[in-house]
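Hi,

Here is the structure I said I would pass on.

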Amino acid sequence: MNLWLLFAIIGAFTLLERLSFILFLQNWEMPTWFKRALTYVPVVILSALSAPAILLENGELVNSVLSPKVLAGIAGILAAYFTRNMVATILAG
């Protein structure tokens, strides 16, 4: 099969899949509990991405709180909590 034809078929399928949500759910109202839960998604994703980078070293769990990566993570968390400023959080880390 031609590779470009395969790309076109996959692209059309993706377009139809996304368009189906717009067409069939345009009048659907999200439940309040679901909207509240969605506000936590960015925090959860950032935690899932950064925790292994901070807490793992050579595939093993860091065994000391005095590790430079752990200390930088703690400093970043404290700066984020107290300042609510992204630049301060980055600089603290």
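The largest pocket holds about 600 Å³ of space. A pocket here is an open set of points on a 1 Å grid over the protein atoms alone, with protein on both sides within 12 Å along at least five of seven lines. Its volume is the space filled by probe spheres set on the points, which are joined across faces, edges and corners. The lining of the largest pocket comes to 19 residues, and nearest its centre are Leu46, Ser50, Gly76, Ile77 and Thr89; a lining residue has an atom within 4 Å of a point. Helix 3 (41-55), helix 4 (68-83) and helix 5 (86-92) each put at least two residues into that lining, with helix 4 giving the most, 8 residues.

Before you read on: this is a predicted model, with local features needing pLDDT of at least 70 and side-chain atom pairs pLDDT 80 or more, while totals for chains, interfaces and linings use all residues. Residues are numbered from 1 along each chain as its sequence is written, and side-chain values use heavy atoms, leaving out hydrogens and water.

Now the chain as a whole. There are 5 helices and 2 strands, in the order α-α-α-β-β-α-α along the sequence. These are DSSP runs numbered from the N terminus: H or I for at least four residues makes a helix, E for at least two a strand. The radius of gyration is 21 Å, whereas a compact globule of 93 residues would be near 12 Å (taken over C-alpha atoms; the rule is 2.2 Å times the number of residues to the power 0.38). Along the principal axes, the C-alpha atoms fill a box of roughly 55 × 40 × 25 Å.

The chain exposes about 8,300 Å², and 73% of that comes from carbon and sulfur atoms (Shrake-Rupley, 1.4 Å probe).

- Asparagine 58 sits in the loop between strand 1 (56-57) and strand 2 (60-61). Its phi is near 55 degrees, a positive value in a residue other than glycine, and asparagine 58 is exposed at 79% relative accessible area.
- Arginine 84, in the loop between helix 4 and helix 5, also has a phi near 55 degrees, positive without being a glycine. Arginine 84 is exposed, at 67%.
- Proline 68 belongs to helix 4 and is exposed, with a relative accessible area of 67%. From proline 68 to glycine 93 is 25 residues in sequence and 9.9 Å in space, C-alpha to C-alpha.

Cheers

Technical notes:
1 Å grid on protein atoms, 1.4 Å probe; cavity = no way out; pocket = protein on both sides within 12 Å on 5 of 7 lines; lining within 4 Å. Buried < 20%, exposed > 50% of the residue type's maximum accessible area, 1.4 Å probe, protein only.
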